[in-house]
Amino acid sequence: MMINEYDLHAHTTCSDGTLTPEELVSLAHEVGVSHLAITDHDSVEGIVLAKKCAKVVGLGLISGVEISSRWSNMDIHIVGLQVNEADEQLLQRLQSQHQQRFQRAEKICRKLQQKAGCEDLYPTLLERTAGKPPGRPDIAKLLIEIGKCKTMNEAFRKYLAMGKQAYISTEWPEIEESIQWIHDAGGMAVLAHPSRYKLTRTKLSRLIACFKAAGGQAIEVSTTGQDPTKTAQLAKFAEEYGLLASTGSDFHSPAMPWVQLGKAPPLPKLCTPVWTAF
Ligand code: AMP
Ligand code: MN
Ligand code: MN
Ligand code: MN
């Protein structure tokens with residue numbers, strides 16, 4: 001498959017990715033991505049760290065963030081592109097997300113104690129994450145380590161995914177609020193991986209309508225591992241709702257070879273790419 005010049009969704013060690021921001025920039029340059037957005041979960045730290053390296057190799061670095069949000073009692077991710085990573089208000093708001101992450105992790109660990117007999121999980125988690133706001137993948141890794149699960153996927157399927165035994169619904173900002181945060185920081189709001197929420201066509205259309213009504217600018221029409229019919233459906237939705245189209249791999253790690261940097265399916269012809277508004 002061809003490499004896309006634009007990859008507008010990728011993670012680093014500043015959230016749940018395994019490459020440092022510098023390593024991610026180098027990899028992007030190596031594989032032929034010319035414009036990369038670093039979009040860590042509730043963090044813009046990676047941007048600052050990646051800037052120098054991006055300049056050296058001549059890569060277009062886009063400041064991004066992926067904000068954990070809520071809509072209709074579901075976890076929805078809103079990506080911000082071209083946000084000002086030094087914006088004090090944004091940094092404060094992301095701090096509040098970090099607090100939510102600590103509180104959520106403690107609650108998840110408590111549930112895992114009740115449901116799966118895991119002892120002392122939270123202190124161990126805090127040790128492992130060493131001050132970084134914990135994510136569910138950190139907990140999944142611990143579950144594997146103590147022999148409760150064999151794979152990350154199993155950990156999510158049995159315990160951590162929405163509605164499963166140790167799932168905790170978190171008071172993330174509603175999507176309207178996340179969009180506002182992104183706008184306040186000078187960015188464009190993108191509905192992340194709409195196909196991954198497993199919504200019916202009707203509900204997906206409602207989500208996109210709400211997102212548009214709240215001032216959202218683009219949807220991720222193309223993401224890795226997405227069915228071509230889904231990509232076509234999202235392209236149509238984008239056109240219908242007057243939204244721009246984004247594309248991103250959602251790359252996390254070279255250890256997950258099924259998600260490669262720059263390798264989301266190309267955007268359908270009818271789409272207006274989000275970068276035309278950069
Ligand atoms: P969090 O941001 O803490 O809510 O964790 C969500 C992250 O967990 C996602 O961004 C993915 O990187 C990861 N994740 C979600 N589902 C799975 C799964 N089934 N297997 C492995 N990782 C997953
Ligand atoms: Mn992730
Ligand atoms: Mn996401
Ligand atoms: Mn992501």
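Modeller: Donors here are N, O and S atoms within 2.8 Å of the metal (3.2 Å for Na, K and Ca), and sites may look incomplete because water is not among the atoms. This is a predicted model, where local features need pLDDT of at least 70 and side-chain atom pairs pLDDT 80 or more, while totals for chains, interfaces and linings use all residues. Side-chain values use heavy atoms, without hydrogens or water, residues are numbered from 1 along each chain, and ligands are numbered from 1 in the order written.

Colleague: What spacing do the donors of the manganese ion (ligand 4) follow along the chain?

Modeller: The pattern is H-x1-H-x54-E-x183-D. Those donors are H9 (NE2), H11 (NE2), E66 (OE) and D250 (OD), at 2.1 to 2.2 Å.

Colleague: Where do H9 and D250 lie?

Modeller: H9 is in the loop between strand 1 (6-7) and helix 1 (21-31), and D250 is in the segment after strand 7 (244-248), so the pair ties together parts 241 residues apart in sequence. Helices (H or I, at least four residues) and strands (E, at least two) are DSSP runs numbered from the N terminus.

Colleague: Is H9 buried or exposed?

Modeller: H9 is buried, as is D250. Buried means under 20% relative accessible area, exposed over 50%, and partly exposed in between (1.4 Å probe, protein chains only).

Colleague: New topic. Which residues of helix 3 and helix 4 make the contact?

Modeller: F102, A105, E106, C109 and L112 of helix 3 do, with L121, Y122, L125 and L126 of helix 4. Contact means heavy atoms within 4.5 Å.
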